Amino acid sequence: MVYAAYLHARTTAGWRGRNAAILALVGTATLWFNFIGINYFSSSSQHSYAQSAPVISER
């Protein structure tokens with residue numbers, strides 16, 4: 001959503017320079033938080049792939 005706002009601001013409002021750079025940095029920080037922060041520092045997840053897989057024993 002942040003990058004969509006960035007692209008929208010650049011095309012419609014003509015944001016250039018400092019304002020566009022700040023919005024791009026906010027987008028980058030949001031991306032890093034979602035990749036690293038949520039996966040490593042969250043204790044609960046609503047996604048099935050994040051839960052531990054059951055152990056299957058071979059015979």
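**View 1. The whole chain, as a predicted model.** The chain exposes about 5600 Å², and carbon and sulfur atoms supply 61% of that area. Two helices and zero strands make up the secondary structure of the chain. Of its 59 residues, 10% count as buried.

**View 2. Helix α1 and the glycine that follows.** Let us start with helix α1, which covers residues 2–13. Its 12 residues should span 16 Å at 1.5 Å a residue, and the end C-alpha atoms lie 15 Å apart, so the two values agree. After α1 comes G14, a residue with a positive phi near 70°.

**View 3. Helix α2 and its bend.** Helix α2 takes in residues 18–41. With 24 residues, α2 reaches 32 Å from its first C-alpha to its last, close to the 34 Å expected at 1.5 Å a residue. Where does α2 bend by about 35°? The place to look is F33.

**View 4. The buried side of helix α2.** Please turn now to A20, L23, G27 and G37, which are buried in α2. Which helix do the buried residues of α2 pack against? Their partner is α1.

**View 5. A21 and A24, two alanines of helix α2.** A21 sits in helix α2, and A24 has its place in helix α2 as well. A24 comes in at 21% relative accessibility; buried means under 20%, so A24 counts as partly exposed. Leaving aside residues up to four places away in sequence, A24 touches Y3 and Y6.

View 6. Our last stop is a nonpolar surface patch of about 850 Å², made by Y3, L31, W32, F35, I36, Y40 and F41. Which helix gives the largest share of this patch? Helix α2 does, with six residues. One of the patch residues, I36, is found in helix α2. I36 has 34% relative accessibility and therefore counts as partly exposed. Y3 is another member of the patch, and the reader has already met Y3 as a contact of A24.

Key:
Residues numbered from 1 in each chain as written. Predicted model: local features only at pLDDT ≥ 70, side-chain atom pairs only at ≥ 80, totals over all residues. Heavy atoms only, no water. Patch = residues over 30% accessible without salt bridge, like charges linked within 9 Å, V, L, I, M, F, W, Y side chains within 5 Å. Areas by Shrake-Rupley, 256 points an atom, 1.4 Å probe, with all protein chains shown as cover. Salt bridge = Lys/Arg side-chain N within 4 Å of Asp/Glu carboxyl O. Helix = DSSP H or I, 4+ residues; strand = E, 2+ residues; numbered from the N terminus. Buried < 20%, exposed > 50% of the residue type's maximum accessible area, 1.4 Å probe, protein only. Contact = heavy atoms within 4.5 Å. Expected span 1.5 Å × (residues − 1). Bend = angle between axes of the 7 residues up to and from the residue.
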